[in-house]
Amino acid sequence: MKKCTIGESRPGTEEAANTPSRSRAAHPSYAQKVKSQPEFMAYQIEYQKEVNSIRSIFDTVINYPEAPINIRQILEDCSRLFGMNATTVDFFDRLHNMRLDEDSVYSHCLNVALIARQMGKWLRLAPEELDVLTLCGLFHDIGKIQIPEEILNKPGKYTEEEFALIRQHPLAGYNLLKNLPADNRIKKAALLHHERSDGSGYPQKLKAGQIDDFAEIIAIADVYDAMTAARSYRSPLCPFQAIDMFEKDGLQLYSPKYILTFLNRIANTYQNNRVLLNNGQSANIVMINASHLTRPMIQLDSGAVVDMLNLPELEIIRII
């Protein structure tokens, strides 16, 4: 393979201008390819069923606090949905394209539960621990149901009063769950998933060593899903953009043993995938750089190989 010099892939060159249109014509949208698979369609049906189940259980917990809820059934359904993915690539491909109920608390809770379960597998947790962690994700944002939708989905910045209301949802969630006959870590995840290792989180401003382990895992899954979902004020970030944001301050905000495992695993999931660069060119990821996960070795459509460490102006903006 031809080694590319720095100048060959700089934005603004004739090659950069011509290559994107050829590669887009030759390669259909990655999202379209994912969504056209029969397996995706089957997954979509089961996913929506699970979102509806979460909605029903949340309504019961909020409106009929004394009524029994079938936690075992929702856990089994979620585990079965997770098991429909043959590979980690399948899992994240489907998750990123499964936006049926935009910015829904219910779908977000399901996504966080599924991401947390994948993290638990990477961490080699025992099956019973995986189940508790999954339930932590399913119930972590139940407190948001009590916040008006017009505030939750507001475009732009919150006012101080609105943000103060948003900050109440962890405690509201804990209060809704505290009397349920469930593992205490599920209740702690609802209360503590916005705490950060440097003490900048809420509601208790806890620091490293004071935050429950499962709440730490849920915090990472929660932020990753939020970043890769569409918002009224921005498009969804691609996985490498999310990784970049985590790399910048993740070690200060999250437990190193969890954030490092997550970032390394999620980056390596996209080894050999095609990506779109910010200069309009497309490429294949040849090798992930373990010390700079968002700066892999890539091969351009011309055959030239580029080490992104040597080209700081280049960024991966989309999986294609």
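Predicted model: local features only at pLDDT ≥ 70, side-chain atom pairs only at ≥ 80, totals over all residues.
1. Salt bridges, total. Counting a Lys or Arg side-chain nitrogen within 4 Å of an Asp or Glu carboxyl oxygen, the model has twelve salt bridges. Some of them are taken up in the points below.

2. D131 and R72. These two residues form a salt bridge, and their closest N and O atoms are 3.9 Å apart. D131 belongs to helix α7 (residues 127–139) and R72 to helix α4 (residues 71–83), so the bridge ties together parts that lie 59 residues apart in sequence. R72 has a relative accessibility of 48% and therefore counts as partly exposed.

3. K257 and D213. Here the side chains meet in a salt bridge with an N to O distance of 3.8 Å. K257 sits in helix α14 (residues 256–269), while D213 sits in helix α12 (residues 213–227), so this pair ties together parts 44 residues apart in sequence. D213 is partly exposed, at 36% relative accessibility.

4. D301 and R274. The closest N and O atoms of this salt bridge are 3.3 Å apart. D301 is in the loop between β3 (297–300) and β4 (305–307), and R274 is in strand β1 (residues 274–277), so the pair ties together parts 27 residues apart in sequence. Are the two partners buried or exposed? D301 is partly exposed, with a relative accessibility of 36%. R274 has a relative accessible area of 13%, and it is buried because the cut-off is under 20%.

5. A network. Salt bridges also link four residues into a network: E46, K49, D77 and R80.

6. N97. This residue lies in the loop between α5 (88–96) and α6 (105–122). With a relative accessible area of 14%, N97 is buried. What does the side chain of N97 reach? It reaches the backbone oxygen of D93, at 2.7 Å. Setting aside neighbours within four places in sequence, N97 is in contact with A31, V34, K35 and F40.

7. Helices α13 and α14. Two packed helices are described by the angle between their axes and the distance between the axes. For helix α13 (residues 239–253) and α14, the angle is about 155° and the axes are 11 Å apart. Angles over 145 degrees count as roughly antiparallel, so α13 is roughly antiparallel to α14. The crossing of α13 and α14 is left-handed. On the α13 side the contact is made by F240, I243, F246, E247, G250 and L251. On the α14 side it is made by P256, I259, L260, F262, L263, I266 and A267.

8. The loop between α11 and α12. P203 is found in this loop, which runs between α11 (184–192) and α12. The peptide bond from Y202 to P203 is cis, with omega near 10°. K205 is found in the loop between α11 and α12 as well. K205 is not a glycine, yet it has a positive phi of about 55°.

9. N272. This residue is found in the loop between α14 and β1. N272 counts as exposed, at 58% relative accessibility.

Conventions
Residues numbered from 1 in each chain as written. Heavy atoms only, no water. Helix = DSSP H or I, 4+ residues; strand = E, 2+ residues; numbered from the N terminus. Buried < 20%, exposed > 50% of the residue type's maximum accessible area, 1.4 Å probe, protein only. Polar contact = N/O pair within 3.5 Å; in protein donor to acceptor, adjacent residues only side chain to side chain. Contact = heavy atoms within 4.5 Å. Axes fitted to C-alpha atoms, helices over the stretch in contact; angles between N-to-C directions. Parallel < 35°, antiparallel > 145°, perpendicular 65-115°, else oblique. Left-handed = near helix turned anticlockwise from the far one by under 90°.
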